[in-house]
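Biologist: I'm new to this one. Could you show me how to read its features?
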Amino acid sequence: MDNGVSAGSTASTSTLGNIALGLTLLAFGIGHTGIVSGVTAADSVSLAMFVGGLALFVLGLLEFRGGNGFNGTAFAGLGAFWFTWANGADGKVSAHAAGLFLVLFALLALTLAVSAASGLFGQGVYGLLTLSLVLLAIGVFADSGGLTKAAGWVAAVCGLLAWYGATAALAHWPMAMGKASGRGAVAAG
């Protein structure tokens, strides 16, 4: 892009990023819960690869270009997570390698939870993402369907919160645990 051409406002990219994160987490979480008959986590692979992976990564780069290091880190890092998860979801790696992968990205989510400047709402979204990834990792290591299902519920709630935060920012709705601003409700850093 030419330096005279805007890469887009960080408000629009952060809102779109939070919608992408929310929808991906909802699909991923619902797939792990087993609440919808015939729908599994594997059914969310395409959404995770393109919406959660590719779109979030590109939005992260736009956030970096716009000067927002927190959103750039959150979206590019989580985009890499979703793209890699989707690429390895068909059992190309061992269970222990998959568990280690989840633990490593839980550390990224924990970093985001601790450093979210958008208040309790943003910290809550990334905190729930951390909890979901940790539960899923333990479930993978222990071969526990119950922990995997619990991780799915936490991911689904996290997805709903990220989606609500983005919707609240677009609709200028009040948020009970944070400030709704034009910069995006969840990931604004």
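Biologist: What volume does the largest pocket have?

Modeller: A pocket, on a 1 Å grid over the protein atoms alone, is an open set of points with protein on both sides within 12 Å along at least five of seven lines. Its volume is the space filled by probe spheres (1.4 Å) set on the points. In this predicted model, the largest pocket comes to about 500 Å³. Residues are numbered from 1 along each chain as its sequence is written. Local features need pLDDT of at least 70 and side-chain atom pairs 80 or more, totals for chains, interfaces and linings use all residues, and side-chain values use heavy atoms, without hydrogens and water.

Biologist: Which residues lie nearest the centre of the largest pocket?

Modeller: Lining residues have an atom within 4 Å of a point. There are 22 here, with W85, G88, A89, A98 and V140 nearest the centre. Helices are DSSP runs (H or I, at least four residues), numbered from the N terminus. The largest share of the lining, five residues, belongs to α4.

Biologist: And how do I read a helix pair?

Modeller: You describe two packed helices by the angle between their axes and the distance between the axes. Axes are lines fitted to C-alpha atoms over the stretch in contact, and angles run from 0 to 180 degrees between N-to-C directions. Helix α2 (residues 45–65) packs on α3 at about 155 degrees, the axes 7 Å apart. So α2 is roughly antiparallel to α3 (the cut-off is over 145 degrees).

Technical notes:
Helices (H or I, at least four residues) and strands (E, at least two) are DSSP runs, numbered from the N terminus. Angles under 35 degrees count as roughly parallel, over 145 as roughly antiparallel, 65 to 115 as roughly perpendicular and the rest as oblique.
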